[in-house]
Structure formats: C-alpha cells, structure tokens
Amino acid sequence: MTALHEVTRGYETKMRIISAMVELGSNKTIDELTVSEICAHIAITRQTFYHHFIDKYDAMQWFNMQLCEDLLGAIGNGLTWGESGVRMLIKTVDNRDFYSFAMKGSGDLNSLTSQLDIMFYRSWKSTLEQLPGFVLTDRMDYQLRAWSRIGFMLVADWIEGGFAQTVEKVSDLIVSCIPHELKEATDGYVLQRRNV
C-alpha cells in the first residue's frame, strides 16, 4: 500500500512541476525559464525537482511521453497511420498550452523540439520490429527515419500557427506525406489482422 501512495505522490509532484512550467512559460521560453523559478512557483525545493527530473528538458520529455507513448506504440499494432495521427493530434489540442510552450524558440540540444523526431523514430521502429510476420526492410527503416523528422516538423508548424486548421484536415494532410511504401506496408498489416 505504501508503494502505491509513493508512486501517486511522485506523479502528482511531477504534474505540478509541468503545470508550473507551462504557467510560467506563457511569458518565457523553456531556455529562459529557470528551475529556481519553477520551484518557487509551486513551493518545492530544488532537491525535490531534481529528485524527479534531471533538468527542465527532461521534465518536458517525460510529460510528452505520458501523452504519446500509447499511440506511438499503436501504429501498425492495431491502428493505421491515419487513426493514430488523429488521436495524437487530438491529444496535442487537448494539451495546447503545453505544446505551445514546448515549441517556443528552444535551441538547446536537450529540448523537446530537438528530441521528438528521435523519440518517435525509436518508438515506431521498436513497435514495427516486434510485429509478428512484419518485415521492416532497410528501405522502410530509412523512410521511417525521414518520416519521423518530416512529420514532427509538420505538426510543429501547425502548433506554431495557432492550431488554425482542424485536426481532421491536418491529419489528412500529414498522412498524405507518409512515404507510400511505409504507409502501405503498415496500414496493410493492420487491416489484414483486423480481418482475421
């Protein structure tokens, strides 16, 4: 019973840190925001902050993974690219303050913006490699690496544009840019499994 309480308390503290970052980030970029400001905003010590996160960029990456992890692992593993894309964009809109803050002028190599494409690629590759009977060729792996970079940039453009287009419109446009060979193989795999 104690372990569950500790996990819950730890999660709540992490979420308070994220909320503070987003609130303070309405006037600052992640690079300008300091750990001391975050701690003062929610009345915790720097030691508490560093107990939960390596740094402010680690906090951003942790929260993003909380939002995306289940959907990243679903492409080819139950969901087509389009189905997963719509769900990911809905989560992005639901957390628009976080993503608007995360995308604001961060040039640090540890920032969320510099790590997302790598995170997406690794997650998608791991998922596809574990699908029974699915062969991720070297060519498709290269397409997946390229798509991770391009897809992230397209979503970032949408966020920076103030979410002007609907989720459905953006999803349709983004999915149309996925390399054909990669999309056909993964979506075909999902649809074939559904019919079994």
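1. First, the ground rules. This is a predicted model, in which local features need pLDDT of at least 70 and side-chain atom pairs count only at pLDDT 80 or more, while totals for chains, interfaces and linings use all residues. Residues are numbered from 1 along each chain as its sequence is written, and side-chain values use heavy atoms, with hydrogens and water left out.

2. The protein has 10 helices and zero strands; helices (H or I, at least four residues) and strands (E, at least two) are DSSP runs, numbered from the N terminus. Of its 196 residues, 45% are buried, where buried means under 20% relative accessible area, exposed over 50% and partly exposed in between, using a 1.4 Å probe and protein chains only. Among contacts (heavy atoms within 4.5 Å) between residues at least 6 apart in sequence, 70% join residues at least 24 apart.

3. In soluble globular proteins, nonpolar side chains tend to be buried together.

4. Phe 49 is worth a click. Leaving aside neighbours within four places in sequence, Phe 49 is in contact with Ile 17, Val 35, Ile 38, Cys 39, Ile 44, Asp 55 and Lys 56. Of these, Cys 39 is buried, with a relative accessible area of 3%. Cys 177, in contrast, is partly exposed at 41%. The structure holds zero disulfides, a disulfide being a pair of cysteine sulfur atoms within 2.5 Å.

5. Now to a pair of helices. The axes of α5 (residues 81–94) and α8 (residues 138–160) come within 12 Å and cross at roughly 40°; axes are lines fitted to C-alpha atoms, for helices over the stretch in contact, and angles run from 0 to 180 degrees between N-to-C directions. From α5, Trp 81, Leu 89, Thr 92 and Val 93 meet Leu 144, Trp 147, Val 155, Trp 158 and Ile 159 of α8.

6. Thr 92, in helix α5, is buried at 8% relative accessible area. Not counting residues up to four places away in sequence, Thr 92 touches Tyr 99, Trp 158, Ile 159 and Phe 163. A polar atom of the Thr 92 side chain lies 2.9 Å from the backbone oxygen of Met 88.

7. Asp 117 sits in helix α7 (residues 112–129) and is buried, with a relative accessible area of 15%. The side chain of Asp 117 makes a polar contact of 3.5 Å with the side chain of Arg 149. A polar contact is a pair of N or O atoms within 3.5 Å; within protein, one must be able to donate a hydrogen and the other to accept it, and residues adjacent in sequence count only if both atoms are side-chain atoms.

8. Finally, Glu 181 lies in helix α10 (residues 180–194) and is partly exposed at 32% relative accessibility. The side chains of Glu 181 and Gln 143 are joined by a polar contact of 3.3 Å. These two residues are 38 apart in sequence and 8.3 Å apart in space, C-alpha to C-alpha.
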